[in-house]
Amino acid sequence: MRFKKELDFVHLSKFFYIFSIALTVAGLVFLATFGLNYSVDFKAGSNVDVSLSKSITLAQLQPALDEAGIGHDPTITIGDKRVNIRYDEELDDTQSETLKAAITKIDDKASFEVNTVDTEMAKELARNAIYSVLLSSIGIIIYVSIRFEWRFALASIVALLHDAFMVVAIFSIFRLEVDLTFIVAVLTIIGYSINDTIVIFDRIRENLRFGKQKSYEDLKSLVNKSVSQTLMRSLYTAFTVFIAAFFLLIMGGESIKMFSLAMVIGLLFGAYSSIFIASPLWLLLKKRQKTPVKSNPAKA
Amino acid sequence: MKRMLSFIITVVVLTGVMGLTTPGLLDKVRLGLDLKGGFEILYHAEPMDTGGTLTRASLQKTAESLEKRANALGTSEPEVTTEGTDRIRLKIAGVTDEAEVRKKMKEPAVLTFRSAADGDAAGVFSKIELVGSDFVEGAAEVQRDNLNRPEISISIKDKAKFAEITERLLGKQLAIYLDETLLSDPPYVRAVLTDGKASISGGYTLDEAREIADTINLGALPLKLTEKYSQSVGATLGKQSLDQTVRAGIVGSLIILIFMMFMYRLPGVLASFALILHTWLLILVFVIADFTLTLPGIAAFILGIGMAVDANIITNERIREEMRSGKSILSSVKAGNKTSFRTVMDANVTTIIVAAVMFAFGTGAVKGFALILIVEIVLSIVTNLYFAHWMLTVLVKAGALKKPKQFGVKESDISAL
């Protein structure tokens, strides 16, 4: 299977720009109004994950929680043979032991995962995550500028920030929980997204060597040609990585669910942005460079 | 034929080695707490008294002391590491009484001098004569006695008190305890000591003496520990996560391999072999470097397989493209290998940059994830780039790959030159 006919990706990208911008705006609105649904990793408190041998109802669980008598009302999410209890305050040793004992009374096969984080630590984690994103971006700009040119670097950075932001936006819109593994996922998406973009840019760079591109039309068809030449590879790769992440999502451990989900979303955006955002953006930047040449043919 | 032979030998030997060693290797992979159950605490350390100082050495000593305590509690393989300038991370697997361990860990090391009370059996010292706060902070030091043997000297704040004790215990033993552990053979009090300095001599080597002095100083200047972060995972839950995630990984990887073989035929089979080799090498590195496999680690592992496939896809797509343009198979493979090499390197270097940043800024699980990603990319370059290219070239040169069909290219797609 391959495309014999060259699609006009540059032209198509105009519609996708609108789509991306709309999603970005929606994401910003949601972020500004609702923020992110932070897990215990990012705000102080305790998270208790219980795996049970049978499913229980809130009514069954309530007495256990009352018995433990810990602070304010926790947020309780009940799943199939799983219960998640989230406290806004940090449980100390005694409290978590009391809680465990109370739940073990309902189900003696219960297995627990208790995470407790204090405020200062939570802030530090969030700060480090932001630094990581910024620093990675700078590293990539430098590398791509050396290996390619600054226009490629700029376009790829826009694409990768777009991918990272899309994942954040979707997590904000759907109120999905943001934990430490989410940060890892976003950073990995950045790494993968740039990987994907570089492959296409590599091809553009290679094609640039053959013949002179005199006009914008030449450049445009060069971008279209490069994208379609690498299209099958982009689709296959996106598919294989997607398969890996997808199975992690549906079959993997509970605690990496959000990680896998973020990866799946990010991978799709990564493949999409390399084709419809990064490459046309490079063309846009390149076009500006060409303008003075056109207006002053004597120099050409 | 010689080429073909070396190819066959390489493949057979590698397959044999992988098949034989894999079960053993898998058993040796060290599992993280999230996969086998246990708990992890990150402590923030600060001096007991305000105004005291926190030194690298005191942090190190506190960590060592925590480790000793964990060992004393009979836990399996406690892991204690210092982080930054004021943090200690403690990981203990398979604990039954978590609350007890936590309590023990936080108590400051208590140094006491004790004597035998009335009714104590021989070797038992239950009367506490001096406690940690009676000693001058950090005053324990190693000296040499008249015979040039190392001994430990400790200064006591209240000279009169110490004089009284030594007078009372003249000729008897004065035992030194750190927490509930007897530090050394209890020395006999040989004279009334009025200068407020106690010496412990007991035929120590210089290193032993230093260690005891350090321990005493730690006892006299314990660090206050507060829990910053804690995670405790039940053993059942850990096992469950491991099983689920590994199963997900196997299914995902199988689909990827089938896809490769279906898509690229014989080169796809070679690529699959390179991918399996890549995975095996990664496990080998895990065991040799003694990495701990955590849940995010497995995720990185599986994701890495997905990304490693990229190198093979780029190469094979490129080769097909060259073929369609009408080049001979050998020159298509050569050109495909060459151009894809550059592309794959550029793409992987950028991912390494991100991983390196994660490693530098991350803690705990993030660091582990980043490290695995870096190792994986490096291994992927070796196996999915160099080794896969080599296999393909050998087969083409040996004449085993002659038809475009074997690459999944239709004859009708090939344009005349």
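**View 1. The open three-stranded sheet of chain B in the predicted model.** The strands of this open sheet follow the order E7-E8-E11 (chain B) and pair in the antiparallel sense; strands here are DSSP runs of E with at least two residues, helices are runs of H or I with at least four residues, and both are numbered from the N terminus. Two strands count as paired if DSSP finds at least two bridges between them. Strand E7 (141–144) and strand E11 (197–200) of chain B form the edges, each pairing on one side only. Direction ignored, neighbouring strands of the sheet are turned by 40 degrees against each other on average. Strand E8 (residues 150–155) of chain B is joined to E11(B) by four antiparallel bridges. Within this pairing, Ser153(B) has Ser199(B) of E11(B) as its bridge partner.

The model is predicted, so that local features need pLDDT of at least 70 and side-chain atom pairs count only at pLDDT 80 or more, while totals for chains, interfaces and linings use all residues. Residues are numbered from 1 along each chain as its sequence is written, chains are lettered from A and ligands numbered from 1 in the order in which they are written, and side-chain values use heavy atoms, with hydrogens and water left out.

**View 2. The packing of helices H8 and H9 of chain B.** Helix H8 (residues 295–324) and helix H9 (residues 329–361) of chain B pack at an angle of about 145 degrees, and their axes lie 8 Å apart. Axes are lines fitted to C-alpha atoms, for helices over the stretch in contact, and angles between N-to-C directions run from 0 to 180 degrees. Residues in the contact (heavy atoms within 4.5 Å) include Met307(B) and Ile314(B) of H8(B), and Val333(B) and Val344(B) of H9(B).

**View 3. The interface of chain B and chain A.** Chain B contributes 64 residues to the contact and chain A 70 residues. The two chains bury about 5900 Å² between them, 61% of it on carbon and sulfur atoms; buried area is the accessible area (1.4 Å probe) lost by two parts on being put together, summed over both. Lys228(B), Asp346(B) and Phe361(B) supply 11% of the area that chain B buries against chain A, more than any other three residues.

**View 4. Salt bridges between the chains.** Seven salt bridges (a side-chain nitrogen of Lys or Arg within 4 Å of a carboxyl oxygen of Asp or Glu) are found across the interface of chain B and chain A. Arg203(A) forms one with Glu321(B), with the closest N and O atoms 2.7 Å apart. Glu124(A) and Arg87(B) also meet in a salt bridge, at 2.6 Å from N to O. This pair links helix H4 (residues 119–147) of chain A, which holds Glu124(A), to strand E4 (residues 87–93) of chain B, which holds Arg87(B).
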